[in-house]
Amino acid sequence: MSPAQIFDTYADNVGWEKQNTLANIRRLKKQYTNKEGPFSEKETNKGAKPEPFKTKTEQSKAYTLLLKLHMESDQSGIDKKSDKDIHQSNPNFSQNPLSDFKKYNTNVKRIESYVHIAILKSLLCHGAIPYR
């Protein structure tokens, strides 16, 4: 396959710029070969305390990922999944008990709806969306 075909087949819809495709593929191949980055096989400490979901100053990987999934729910399909399915779908989510995760997910849904409302108000105020 040529680099252009690889880009069109695999990378066109993931935000890569076409001129960086080969460098990105080489980087991913190197990470895969060396078992680094997303391909690392580090063992997690089962007895370790889970990372706090969200504090006043920091957000965990689970919080960031969950908010992103809700913000892009039309692509992620998260609205069609149960809390249990979402909890089991990622190790960052499953490090917390399901009962806690349900509370976190509810809070993130509420935050996501506030963000969407703020964006719509901003667009209305700036004339990007005509007010009827």
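## A buried asparagine

N105 is buried, at a relative accessible area of 1%. Buried means under 20% relative accessible area, exposed over 50%, and partly exposed in between (1.4 Å probe, protein chains only). N105 sits in helix α7. Helices (H or I, at least four residues) and strands (E, at least two) are DSSP runs, numbered from the N terminus.

The side chain of N105 makes a polar contact with the side chain of H70, at 2.7 Å. A polar contact is a pair of N or O atoms within 3.5 Å; within protein, one must be able to donate a hydrogen and the other to accept it, and residues adjacent in sequence count only if both atoms are side-chain atoms. Leaving aside residues up to four places away in sequence, N105 touches L66, H70, D83 and I86. Contact means heavy atoms within 4.5 Å.

## Model and confidence

This is a predicted model: local features need pLDDT of at least 70, side-chain atom pairs count only at pLDDT 80 or more, and totals for chains, interfaces and linings use all residues. Residues are numbered from 1 along each chain as its sequence is written, and side-chain values use heavy atoms, with hydrogens and water left out.

The protein averages a pLDDT of 80, and 81% of the residues score at least 70. pLDDT is the predictor's confidence in each residue, from 0 to 100. Confidence is lowest in helix α1 (residues 3-11), at a mean of 71. It is highest in α5, at 93.

## Overall fold

The protein has 7 helices and 0 strands. Of its 132 residues, 18% count as buried. Residues 24 or more positions apart account for 36% of the contacts with a separation of 6 or more.

The protein exposes about 10,500 Å², and carbon and sulfur atoms supply 53% of that area. Accessible areas come from the Shrake-Rupley method with a 1.4 Å probe; for residues, only the protein chains shown count as cover.

## The buried face of α3

Helix α3 spans residues 61-71, and its buried residues are A62, Y63, L66, L67 and H70. Seen down the axis of α3, these fall within an arc of 125 degrees, so they line one face of the helix. The arc is that of the directions from the helix axis to the C-beta atoms. An α-helix has 3.6 residues a turn, so residues three or four places apart point the same way.

The cover over these buried residues includes α4 (73-76), α5 (83-88), α6 (91-94) and α7 (98-125).

## L28 in α2

L28 lies in helix α2 (residues 21-34). L28 counts as partly exposed, at 26% relative accessibility. The C-alpha atoms of L28 and F39 are separated by 9.0 Å. These two residues are 11 apart along the chain.
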